[in-house]
Amino acid sequence: MALSTMQTGFYISDDDTLENYDPEYVTQRIEMQRRAGRAAYTPAGAGLVAASSSVAANYPQLAAGPVGKQIHRIYQDRLRQFVDGGQYREQGLVGKLDEARVSGPEHVKLSVYSPPNLTRPTFADATAQTFRPAKVGESFGPSWSTHWFKVEIRLPQDFRNRERLEFVWDANNEGMIWTAQGDVVHGLTGGGERTQWRLTPKFRNGQWHVFYVEMACNGMFGNAPGGDSIQPPDPNRYFQLHTADIVAVNVQARALYFDFWEISDAAREFPGESWEAHEATQVANRIIDAFIAGGGSQDSIVEGRKIAKEYIGDVDTEKVYDSDKEAIVFGIGYCHIDTCWLWPFAETKRKVARSWSSQCDLMERYPELRFCCTQAQQFKWLEQNYPQIFDRVKSHVKLGNFQPIGGSWVEHDTNLPNGESLIRQFLYGQRYFESRFGERCRTFWLPDTFGYSTQLPQVCRLAGMTRFLTQKLSWNNINNFPHTTFNWVALDNSQVICHMPPSETYTAEANFGDVRRSVSQHKSLDQDKTSLLVFGKGDGGGGPTYQHLEKLRRCRGISDKTGMLPRLKLGDSADDFFDRLEKRVENGTELVTWYGELYFELHRGTYTTQANNKRNNRKAEIMLRDIEYLATLVTIKKDFSAKSSYKYPKKDIDDMWENVLLCQFHDCLPGSSIEMCYDDSDAIYEKVFVTGERLLSNALAELGFDDKPKADSKLAALNTLPWTRTEIVELPPLAGLPKYGLAHGAGLSTMEVRQLASPYPASIASVKEIRPNVFELRNSQFIVEVTDGAITSLYDINVQRNIIPEGKKAAQLVLYDDKPLYWQAWDVEVYHLASRTELLPHKVSISEDTPHRVSLKIETKISDQSSITTTLSLSAAVGASLSAVEIAASIDWHETMKFLKVEFPVDIVNTEASYETQFGIVRRPTHYNTSWDMAKFEVCCHKWADLSEATYGVSILNDNKYGFAVAGNVMRLSLLRAPKAPDAHADMGRHETRYALFPHAGPLDERTVRKAFEFNNPLRIVGHKTRDASSSSAAPSSAPSPGLLSTFRILGAPNLVLDTIKRGEDDADVSRGEFPSRMGGKSIIVRIWDALGGKSKGVLSWGELAVKSVKKVNALEDEVGEDLGGEMVCVGREGEGERGVRVRVRAFEVVTLKLVLED
């Protein structure tokens, strides 16, 4: 018989079974009944269980009154009122966040010491001074000053049993809380951000307690006036201390505040047609109604939390993340601290202490927090200046909560440093992390740099890292980068997994929308659905706050309880995320690939801004290479140990490198910092150069040379490049010496300096004025015609070809208006090209006319304030050595928002131009076919750029510039900019630069590569030390054998560059003790790379050195692969004893070898 008759018409009798019904039909009918709240079938036996709780017992017959449809927009807008700090503050939840609050001298006594002259004294020095009384309401300044406050607090009786107590300090500036014993316990941001410090139980004993606040008179983003953070800082900014309170926190009200925040976000940000959005609106309005009904009482707040749980679940502890439901978004706390930017380096040191002490505190309260930080330099500063915080950090690193990441010395620019600098960023960074924390970084983390060099994947792999995180390309202002997770491939085909968080920020506020965008903006869902959410206050430091962690708990609760929001998880590290990615790739997930540079379509002006800083960088990189090479030669002399006290200057070299790497930070070297930062970097570079000159002089003296030749010295030219050079050199102004001499000799050696009337004569150079204001410069290779200061004809005699198109002018100075949309020091926009103005000289004259070199002096007035004098020179051609038209520019620059460039139109057609980059070449379009092509209207190059056909080409060389463009057949080198923010005086003053026009028959090849190296590495004239000072021909007293000075060379592969030559980091006579020294003799590290893009075989020769073994190593000098002893060969004529090793190099590969010497 039938058990019941439902409106669904679904009948099952007692003796019936499910098998008598279609399963799909049964499932559908049961689901219909469930949704309708009706009786449901129980599989335990035939029958129905009445769902009496959901069936109305008595549906009213009569309507009680009209009920209208909610106006959704109004009820949604109402939600802001409940947590608004405006006119309804005291009637809403914000007014209930504190149970009680006290201040004033009865409970909080203040006194202050203000150090003079913007000094930043230590805790011990400051607290030893005399403090004067202070009070809330006082103002402190000026900008960048420091003020130390002694704070004495005593809790009122009724506070001592409150659930949670905080000390709240706010002067709208940064600060740091110190215990009376001198330990940092918490950082303060100010302006309502990170102003609370939780008081521990010891404060509840009714006694007076003392601690200190170190106030820094700057905001999180420096001291810019008027709220525009990139404007030059106001030097006279003062900050009012407006809050110094003890607060009893209403814990339930604060929790409801975050509950309501996320529910109301769901109401606004879930799709309007979704039931989840409407449900959120209803739940949030019910919370408000309950609060109003209860008169804002504590009971009404507790009731509101119960209502909130219907939507978000139980979110009061880290256990919210314990469910086994699959998460696809992984939250990582991060604190991006610009090593300098809108504040100087000295303030960064305090920002690190403020930020990381706060994070240690936060991790102890929120166990789910996994926090990562980059930049070994910042860890070193912390270790030196705040050892107590450093020890605290180390303990959290050991626990796995605090993750050093990135592997580099700083978060460096990757466009402008040379290849060796990129390697040293990791060598110094990884060695620091391993020596302090016991492990290296596996993930390169660089979210805020202005574009990413094409060889970074290879350098990462050489430094032990297989993955990379950034997000900066989300700022592109022309094209939308198409991938989130992909394989990024370098010139040599090396690859790393790259992830760009789809929330498109590295400073997420951990809002509902950040979690949602982690999927909605994910561009690689076809391959992998997971993503990182990188959250925390950044740029000026800070990191995650408790507010971030409370919000994220609720986001997870919404995902589990209600759905639709991507499920988030905290508790895993960034490495855990990438480990899973790599495992999926290993198991068959096929990620898309991106070959070549990650060009950033913004901040193109950073290739040029702060020209002096860039000049110093180039000079320092070259100097360090020379020092390491010469110091290595000294320490491998056969009689070195017995006769010399010289020691490889490892500490000085390390200090120099660390300073250079520091100044390569991504807001320092690119030119986007305030003026104070460049005062700092100028002083840093000055120290580098003084140390460097001393080290060079010491090494040369040990090798038997005087760095400053005397009148009776036998002269030599020091060639630190690994190929033969023949050049006319300018001799030192000593009595009896001609102005020029001829230097000729092998690579990495001293070259004999001969008189020009020697058996190696140079062809004659000449100059004359052939028509009014038209000059002709000539040597045996070129005829150069200069009209009104510009090159109007450059005729190659050998190939009978004019390189300059008819009617065009090369070496033409041009000026542009330069007003980007916002970021002055950073950006140059494409529209600036329409403002081109040619600069015409007011005087051109012959400044030098010798058989060996001829020059024109070209004087040009840029404006009433600025001028430029260029010297255009052509040297006599020497044998088969190719000459170039060289231009030295001396610029007096005092412009406002102008851009100075020099143009070279050439008679060459190619849709691509070639630009030197680190360890290789980038080829970029010369046309604007697509928006991707047009976006590269200004690009980065290093020492040269080239436009070539199959039969002929032209290279533009430079000695300290990085901005370039080739549009059609016009090659354009960027010289100077004049932005006024954030440095109002950026680039103002005198500048010296050199550039050259280098034509060459045939396509781009090693001639350009070598000529650019030579242009940047002028021969250094030294004097032989002699036994008898009266005899300039005597043999050097301590001169090494000729073989030593030409020890290293590459044979059989002109495309290979023998670059770095240095001692092994952990050799016993070199090591500084960070790691166990390597026993078993000395080793030499040699770095070789392919400059042109061709797989190559060559021989590295080491002359007469006694090499025991050769091993391939990575950038960190770990041995990789097999011993290359089987590749060792004899080279040169039989009996000469010169040996070497065969090397095989992929296209654009960087190969590092360790030569182990015999004892």
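Buried residues are taken here as those with under 20% relative accessible area, exposed ones as those over 50%, and partly exposed ones as those in between (1.4 Å probe, protein chains only). By this rule S873, at 4% relative accessibility, counts as buried. The structure is a predicted model, in which local features need pLDDT of at least 70 and side-chain atom pairs count only at pLDDT 80 or more, while totals for chains, interfaces and linings use all residues. Residues are numbered from 1 along each chain as its sequence is written, and side-chain values use heavy atoms, with hydrogens and water left out.

The side chain of S873 is joined to that of S855 by a polar contact of 2.7 Å. Such a contact is a pair of N or O atoms within 3.5 Å; within protein, one atom must be able to donate a hydrogen and the other to accept it, and residues adjacent in sequence count only if both atoms are side-chain atoms.

Charged pairs come next. The structure holds 94 salt bridges, each being a side-chain nitrogen of Lys or Arg within 4 Å of a carboxyl oxygen of Asp or Glu. In one of them, E1065 pairs with K650, and the closest N and O atoms are 2.8 Å apart. Elsewhere, E848 forms a salt bridge with R853, the closest N and O atoms being 4.0 Å apart, and E848 counts as buried at 12% relative accessibility.

Patches are made of residues with over 30% relative accessible area and no salt bridge, like charges being joined within 9 Å and nonpolar side chains (Val, Leu, Ile, Met, Phe, Trp, Tyr) within 5 Å. For charge, Lys and Arg count as positive and Asp and Glu as negative, whereas His and the chain ends are not counted; the place of a charge is taken as NZ of Lys, CZ of Arg, CG of Asp or CD of Glu. One patch, of negative charge, gathers E675, D679, D682 and E686. Among its members, D682 is found in helix α18 (residues 675-702) and is partly exposed, with a relative accessible area of 35%. The other patch is nonpolar and is formed by L821, Y822, V830 and Y831, which together have about 390 Å² of accessible area, as given by the Shrake-Rupley method with a 1.4 Å probe, where for residues only the protein chains shown count as cover. Y831 sits in the loop between β35 (812-817) and β36 (837-838) and counts as partly exposed at 43% relative accessibility.

A cis peptide bond joins G141 and P142, with omega about 0°; P142 lies in the loop between β6 (139-140) and β7 (146-153). A cis peptide bond also joins A981 and P982, with omega about 5°, and P982 is found in the loop between β48 (970-977) and β49 (989-1001).

R194 is not a glycine, yet its phi is positive at about 45°. This arginine is found in the loop between β10 (184-188) and β11 (196-198), where R194 is buried with a relative accessible area of 10%. For A510, also a residue other than glycine, phi is near 60°. A510 is placed in the loop between β21 (495-499) and α12 (512-520), and its relative accessible area of 0% makes A510 buried.

Finally, F260 belongs to helix α4 (residues 251-269) and is buried, with a relative accessible area of 0%. F260 and T505 are 245 residues apart in sequence and 25 Å apart in space, C-alpha to C-alpha.

How values were computed. Helices (H or I, at least four residues) and strands (E, at least two) are DSSP runs, numbered from the N terminus.
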